[in-house]
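Hello,

Here is the structure we talked about handing over. Please have a look at it, then read the notes below.

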Amino acid sequence: MATEIDERAERKTATSRSEAERPRIEFGTAWEYSPAPEAADIVSIEKRETLFINGRFVPARSGRVFETINPATEEVLSEVAEGGAADIDAAVRAAEEAHRKRWSKLKPAERGKYLYRIARLMQEKSRELAVLETINGGKPIKESRDVDVPLAIAHFFYHAGWADKLEYAFPRHRVSSIGVCGQIIPWNFPLLMAAWKIAPALAAGNTVVLKPAETTPLTSLALARICQEADLPPGVVNIVPGAGETGAQLVNHPRVRKVAFTGSTEVGKLIQRAIAGTGKRLSLELGGKAANIVFEDAAIDQAVEGIVNGIYFNQGHVCCAGSRLLVQESVAERVIQKLKLRIETLRVGDPMDKNTDVGAINSRMQLDKIRELVACGVEEGALLHQSSCALPAKGFFFPPTFFSEVAQSHRIAREEIFGPVLAVMTFRTPDEAVEKANNIPYGLSAGVWTDKGSKIFQITSKMRAGVVWANTFNKFDPASPFGGYKESGFGREGGMHGLRAYVELS
Amino acid sequence: MSALPSLFDLSRVPPVDQVGIEERAAGLARRSIKKEAKRAGILLAMSMLDLTTLEGKDSEGKVRQLCRKAIRPLPGDPTVPHVAAICVYPNFVAIAKDALAGSGVKVASVATGFPAGQVPLPVKLDDTRRAVSAGADEIDMVIDRGAFLSGEYDRVTDEILAVKEACGAAHLKVILETGELETYDNVRRASDLAMAAGADFIKTSTGKVTPAATPPVVLVMLEAIRDHYLATGRRVGMKPAGGIKTSKQALHLLVLVKETLGDAWLTPDLFRIGASTLANDLLMQLAKESTGRYQNEDYFTKD
């Protein structure tokens, strides 16, 4: 045991010695960017945020509230009403009535008009929505501005178009709505996930009760205000913030006809167990541990960009993150060298600064989990590489990190870390790459990097993952279905496949 | 020379993915450069400028005027640095050398049958030697794109070697004319080739062909320079030229350098911008930074 440790220590000093002699590229202070903060004062956050039930903003019946904070500063933003059983019941009943009396009776083209109206109002308020998303969730303003908000809007526009064309999506079927949908969304893309859930449900004639995540309720409530402004009939959309208990009450409510959940595999399993035998329909979008496979013939610099985007986008809080890198042995050293350089240029810090690439970790709990798994990676013997960036004194931050010399059996190669931490492993042949990529209980996404077109088709067709990207990563479009294999869930969101989850066919 | 093993190993040149490189360049274009960073960036860009005039109607008078502008871009304000070099045709090297004496501004001359390069090698070498003996500190040569595109890489390499030899102590910038190479793979291939043949700088374009120094092309070349440095320890310089007219473009180029090659390249010794009209836009933006207002273009001298 002792010799093993000695050997390892020796090897590490050997590497560092040869590295000192190697040409080095320094990313220093020769020309620094000035702070470029987005103005936060364009949004006003109520000191007390409430539930949105039946078209009105109401406090929780129990009077209970919870605090929501800015994870980058730890400052309290608002006290938010916490929905309990009585509130969930009121919301579900309102949704049921709205479905029965108004929404399912409305001409499909009229439903479409409401969705278009919501989309346009979101466009008008896109800057406010982006700022709110960043303040409440910690993601860089660059991402909420350029990715989250535009994609959320695109989902409403896309589904608005489907509202009066459902029989073309399902030819030779009579298409009808299901009823009340209970939807539970995570904290990593709060507004975007709300859009993914609400837009298709409404387009197909259903009504919804949506529970945003405990740490990020603010943009869902902003969306509720937009629904109100769009004159959406009361009860069609209800937003009930709360924690796991609130979610369980929603899932178990007898009048909910369909449950849609995005979150952890653990909770997904609980939900599936809870509704077994009730006749409720279910779609689950759960965890992932995607493999990004880099072949020796890939455009290496662009592959490195894809790897960085795959794991450090949104601080790695992405269920389809490319958190396992499988790189062909012949180019492994080059890829690791380039990756080490590249993470030095990632700008970590104030999420409101327009030049920030990596923002705040969403919560202390998540930060603790990331720290624990990284410590475990070190203990298991993987080689830690971390950006030397300075972290802000306040708030929850973690530097861009990756491990080399990772084995398939390490915890960091098996468990979803949901943070800016990448596990790098190597392979020798295409078959080995496919085998390693698929050898995991998850199957949400994967990436393949090669300059050879035929290899793309050969490899992607063997991947057991819902989404496979070739020579790119983290590309989303409302027309493209998204969802998992195996323990990453079932059902698809987006495109015609996504609509299927919200219609009754006869 | 052909008996020797080839300096340029094609098999080691990595492919470039078009979608990926364009996305990365566009991503870096969204960096927000404000306040002090903008001011410092503008002054840095000015100090990296190769102030250029390459026209058939160039004359001694025009060149002398441009040299004054090069030495003191903003009359009455010595905090604005002189540009890095004046870039002229070989006929005007002696005049520029005289006009710039003692100023610290270098004289660069295009040579080798600029811009097409379609003249015999002895003529290219003679062109180069004459420019050097007239006092050029730097030579901007063009590669034989015809030979490159028909796969005669050794011929292109040998020409660069020969011109490098003819340069003597003068620095050699090798113009790839990326607009004629068309693909990013070709740009990367030509960059690696030119560096292997001993280029001190690689340069995008002559300014006579569009597209010229587009951000993705510059990024491909910067990545080639980085890989060459990491493999050999030799720092090759970079010069985008052609179509760079605004401060915004210049600052974007500096962002590409900063985030690809780091601090060591943020100096006129290793990064140049070839342009004829950029100087005045830099001055206008500088005035806007200090006064908060844009000024009439007539406040800035054309030459």
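**What was found**

Chain A has 17 helices and 20 strands. Its radius of gyration is 23 Å, close to the 23 Å that the globule rule gives for 506 residues, so chain A is as compact as a globular protein of that length. Please keep in mind that this is a predicted model.

Some overall values for chain A follow. The C-alpha atoms fill a box of roughly 75 × 50 × 40 Å along the principal axes. Of the 506 residues, 55% count as buried. Take the contacts in chain A with a separation of 6 or more: 72% of them come from residues 24 or more positions apart.

**One loop position in chain A**

P254(A) sits in the loop between α9 (244–252) and β10 (258–262) of chain A. Is P254(A) buried or exposed? P254(A) has 9 other C-beta atoms within 10 Å, and a residue with 12 or fewer counts as exposed, so P254(A) is exposed. From P254(A) to N474(A) there are 220 residues in sequence and 37 Å in space, C-alpha to C-alpha.

**The contact between the chains**

Chain A puts 24 residues into the contact, and chain B puts in 32 residues. On the side of chain A that touches chain B, helix α11 (residues 300–312) of chain A gives the largest share, with 5 residues. By type, that side of chain A has 9 nonpolar, 8 polar and 7 charged residues.

**The sheet in chain B**

In chain B, 8 strands form an open sheet. The order is β7-β6-β5-β4-β3-β2-β1-β8, and the pairing is parallel. Which strands stand at the edges? They are β7 (237–239) and β8 (273–275) of chain B. Each has a single partner strand, so one side of each is left without a neighbour in the sheet. Neighbouring strands of this sheet are turned by 25° against each other on average, direction ignored.

Within the sheet, look at β2 (residues 85–88) and β3 (residues 106–110) of chain B. They run parallel and are joined by 4 bridges. C87(B) has A108(B) in β3(B) as its bridge partner.

**A helix in chain B**

Helix α7 (residues 153–167) of chain B has 15 residues. From first C-alpha to last, α7 reaches 21 Å, close to the 21 Å expected at 1.5 Å a residue. Buried residues in α7(B) include Y153(B), V156(B), I160(B), V163(B) and C167(B). Charged side chains are on the buried list too, E159(B) and K164(B) among them. The cover over the buried residues of α7(B) includes α5 (121–133), β4 (138–142) and α9 (184–196) of chain B. After α7(B) comes G168(B), with a positive phi near 60°.

Best regards

Methods: Residues numbered from 1 in each chain as written. Chains lettered and ligands numbered in written order. Predicted model: local features only at pLDDT ≥ 70, side-chain atom pairs only at ≥ 80, totals over all residues. Helix = DSSP H or I, 4+ residues; strand = E, 2+ residues; numbered from the N terminus. Buried ≥ 20, exposed ≤ 12 C-beta atoms within 10 Å, placed from the backbone. Pairing = 2+ DSSP bridges. Axes fitted to C-alpha atoms, helices over the stretch in contact; angles between N-to-C directions. Contact = placed C-beta atoms within 7 Å. Expected span 1.5 Å × (residues − 1). Rg over C-alpha atoms; globule rule 2.2 N^0.38 Å.
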